[in-house]
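Please read it alongside the sequence and the coordinates.

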Amino acid sequence: MNILHRTAQLTGMRAVQLHGLGALASRLYVYLSGFLALFLMAAYVSPSDFGEYSIYQSVLEVALVVATLGSSLLFARNAATVPPGVRRGDVLRTLAIGLPLAALLSAAVLRIQHLPILGAPFVLLMAALTVFSLMSLRLSYSRGLGLAGLLNLEGGIRSTILVIGVAAFAAWGAELRATQLLLINLLAFLLVGAACMHSRWAAGPPAGRPALGLASQGSATVYSLLMFLLRKSDLLVVAFFMPLGYVGAFKIAFLLAEAPSQFVQAFLYTKTRPMLGTDAAHADGSELRLAKHSFLLGCALFAALAVVIAAAAPLLKVGREALEIFLCMAPYFLLRTYTVHHEMLLALKASMASLGWWALAEVLLRLLSYGAVVAVFPGKPHYVFFIAAVSDLLLYEVRMRALLGFFPLARLVRGSFQRPS
């Protein structure tokens, strides 16, 4: 019997154990430490340096996709094969190709933003990108082996180091510029990267020549860039044509509305190994029940955050608008807490080429939805999430039927998970 398949059958309510609760606690730590870091920087760093550092961070995030050739998913899904479908040569080849391309992309974006590409900030950015890329590939490989603890914690650890660094500069009364923030950020990456090299916390591919195909890595790059655009572009889109007050309210609402699905995703990272062994096309209720439990967890988290934003709204200048936007986003992000399980299952099981085409369709649907909403409701771009909840649901159901042979939400409504005939 396939051990991974047998493990998958044991998921369900028993999946919510200390292992999963640890993932939720780590995600809470990441959010709290991240908010604290942002608060300290906003309070101590000048607005221009804070804005400059924020641009560098955004560039770092998109450059990571190119530097790793979008291969984090490939490393996770091929780690558990026998023999391992990823070798040390894949790490070296990926970084040898990806890092120069990422450096060119970063330079182009910074030039558009009128920031220098000759000087200490760019050197620090590239150094952080190199460490981040190696760390990301190693953590992704560990995820495929069932080790997701450090993967879920690393963002919080980096934020904590940033908090300590900013607090130290503030205590000494020293000036803190974007360059110093980038230096602290590089130190954080180096410390987490050192932790990644510890065999108890992360694992690396065995020695050997590259095993991944360059074509699959190319497809993974396109898919990862499309998903980055889909998940990270909403704030940039509304910032083009809406006043800054609305943008601030949108950011508050988006961070809170997105949080439950992020918590669920962190929890499901710990279930990567069982999911790799799931025969999704012939799954029964015991194997897909985890998606329902994820949805229930998301609903509980969403209700708690709704109370938080409702209580905080009177205290914030943009609170009432943020609450309205949050409520409009609720259907879409509640849906995400259910679909994220099957989306991760698809990402681990379906071909990279098919994932890329479906991601492109999702991006185009989102852009068309924004166009329609802006034309009909020019001052309410957040109404796009009403359309997104319906369009993404339909696209999700069709995609699951086309790739895995069943309509998951239709099965849920029927109350049974019968195998397709």
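This is a predicted model: local features need pLDDT of at least 70, side-chain atom pairs count only at pLDDT 80 or more; totals for chains, interfaces and linings use all residues.

Residues are numbered from 1 along each chain as its sequence is written, and side-chain values use heavy atoms, with hydrogens and water left out.

**Overall fold**

The chain holds 17 helices and zero strands. Helices (H or I, at least four residues) and strands (E, at least two) are DSSP runs, numbered from the N terminus. Of the 421 residues in the chain, 52% are buried. Buried means under 20% relative accessible area, exposed over 50%, and partly exposed in between, with a 1.4 Å probe and protein chains only. Take the contacts (heavy atoms within 4.5 Å) between residues at least 6 apart in sequence: 82% join residues at least 24 apart.

**Two helices**

The expected span is 1.5 Å times one less than the number of residues.

| Helix | Residues | Length | First to last C-alpha | Expected span |
|---|---|---|---|---|
| α8 | 178-196 | 19 residues | 27 Å | 27 Å |
| α15 | 352-376 | 25 residues | 36 Å | 36 Å |

Both helices have buried residues. In α8 they include L181, L182, I184, N185, F189 and V192. In α15 they include W358, E362, R366, Y370 and V373. An α-helix has 3.6 residues a turn, so residues three or four places apart point the same way.

**Cysteines**

How many disulfides does a search of the whole structure find? It finds zero, a disulfide being a pair of cysteine sulfur atoms within 2.5 Å. C196 lies in helix α8. C196 is buried, at 1% relative accessible area. Leaving out residues up to four places away in sequence, C196 touches M135, R138, L139, L150 and A202. C196 and M135 are 61 residues apart along the chain, yet their C-alpha atoms are separated by 6.5 Å. C299 counts as partly exposed, at 26% relative accessibility.

**Cavities**

Rolling a probe the size of a water molecule over the atoms shows where empty space is left. A cavity is a set of points, on a 1 Å grid over the protein atoms alone, where a 1.4 Å probe fits but cannot get out; lining residues have an atom within 4 Å of a point. Grid points are joined across faces, edges and corners, and a volume is the space filled by probe spheres set on the points.

The structure holds three cavities of 30 Å³ or more. The largest cavity has about 90 Å³ of space. Its lining is formed by R231, Y332, L335, R336, T339, E343, E362, D392, L395, Y396 and R399. Helices α14 (319-349) and α16 (384-404) are the elements that give two or more residues to this lining. The largest share, five residues, comes from α14. By class, the lining has four nonpolar, one polar and six charged residues. Here Ala, Val, Leu, Ile, Met, Phe, Trp, Tyr, Cys and Pro count as nonpolar, Asp, Glu, Lys and Arg as charged, and the others, Gly among them, as polar.

**Two further residues**

E258 lies in helix α11 (residues 244-269). Is E258 buried or exposed? E258 is buried, with a relative accessible area of 16%. Apart from neighbours within four places in sequence, E258 is in contact with Y31 and F333.

L69 sits in the loop between α3 (47-67) and α4 (72-78). L69 is not a glycine, but has a positive phi of about 55°. L69 counts as buried, at 9% relative accessibility.

Terms used. On a 1 Å grid over the protein atoms alone, a cavity is a set of points where a 1.4 Å probe fits but cannot get out, and a pocket is an open set with protein on both sides within 12 Å along at least five of seven lines; lining residues have an atom within 4 Å of a point.
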